[in-house]
Amino acid sequence: MQYGGGLRIWGTATLIDSNVYSNQAGYGAGLYIYDGGVANLDGCQVYENVAGNRGSGGGLYVGGVANLDDCNVFSNQAHGTLVHFEGGGGLAVWTSGTANLEGCNIFDNVAQRGGGLLVYG
């Protein structure tokens with residue numbers, strides 16, 4: 001299973017006015033943030049990413065900390081098929097994860113569960 005089609009974050013990453021788009025992975029097609037990792041996004045666009053085949057977190061999969069300020073998360077997909085672990089077309093936040101969103105828009109994302117947002121745990 002592939003993690004983080006666009007970015008895989010173990011440490012700390014800061015993206016300002018950036019686009020993360022058209023990536024594919026099983027989990028976190030746009031961004032996969034590991035437990036202990038921190039992603040700071042300011043004014044970013046996360047779109048048209050696809051988490052396929054038993055995946056989740058089309059736009060972002062959050063196992064660590066995601067801080068989003070004035071970002072748009074849209075037109076992402078998660079095509080997972082497992083009973084409890086699929087979904088989160090825009091964002092999937094795992095039990096160890098924290099997502100802080102301020103002034104963000106989450107729209108037009110698709111998943112079997114949690115088209116925009118799926119929070120585990």
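**Cysteines and aromatic pairs**

Reply: In this predicted model, the sulfur of C44 has its closest cysteine sulfur in C71, at 4.7 Å, which is too far for a bond. A disulfide would need the two sulfur atoms within 2.5 Å. C104 is in no disulfide either, its nearest cysteine sulfur, that of C71, being 4.8 Å away. The structure accordingly holds 0 disulfides. C44 counts as buried because its relative accessibility is 0%, and the cut-off for buried is under 20%.

Turning to the rings, the structure holds 10 aromatic pairs. One of them joins Y21 and Y47, with 5.0 Å centre to centre and 5° between the planes, and is stacked. This pair links distant parts of the chain, since Y21 belongs to strand β3 and Y47 to strand β7 (residues 45-47), 26 residues apart. Y21 counts as partly exposed, at 42% relative accessibility, whereas Y47 is buried, with a relative accessible area of 17%.

Another aromatic pair, Y32 with Y34, is edge-to-face, at 4.6 Å centre to centre and 65° between the planes. Y32 is buried, its relative accessible area being 11%. Both Y32 and Y34 belong to one aromatic cluster with Y3, W10, Y27 and Y61.

Y21 also has a polar neighbour: its backbone oxygen lies 3.1 Å from a polar atom of the N23 side chain. N23 sits in the loop between β3 (19-21) and β4 (24-27) and counts as buried, at 18% relative accessibility. Leaving aside residues up to four places away in sequence, N23 touches G5, G6, A29, G30, E48, N49 and V50.

Methods. Residues are numbered from 1 along each chain as its sequence is written. This is a predicted model: local features need pLDDT of at least 70, side-chain atom pairs count only at pLDDT 80 or more; totals for chains, interfaces and linings use all residues. Side-chain values use heavy atoms; hydrogens and water are left out. Helices (H or I, at least four residues) and strands (E, at least two) are DSSP runs, numbered from the N terminus. Buried means under 20% relative accessible area, exposed over 50%, partly exposed in between (1.4 Å probe, protein chains only). A polar contact is a pair of N or O atoms within 3.5 Å; within protein, one must be able to donate a hydrogen and the other to accept it, and residues adjacent in sequence count only if both atoms are side-chain atoms. Contact means heavy atoms within 4.5 Å. Rings of Phe, Tyr and Trp (its six-membered ring) pair if their centres lie within 6.5 Å; planes under 30 degrees apart count as stacked, over 60 as edge-to-face and the rest as tilted.
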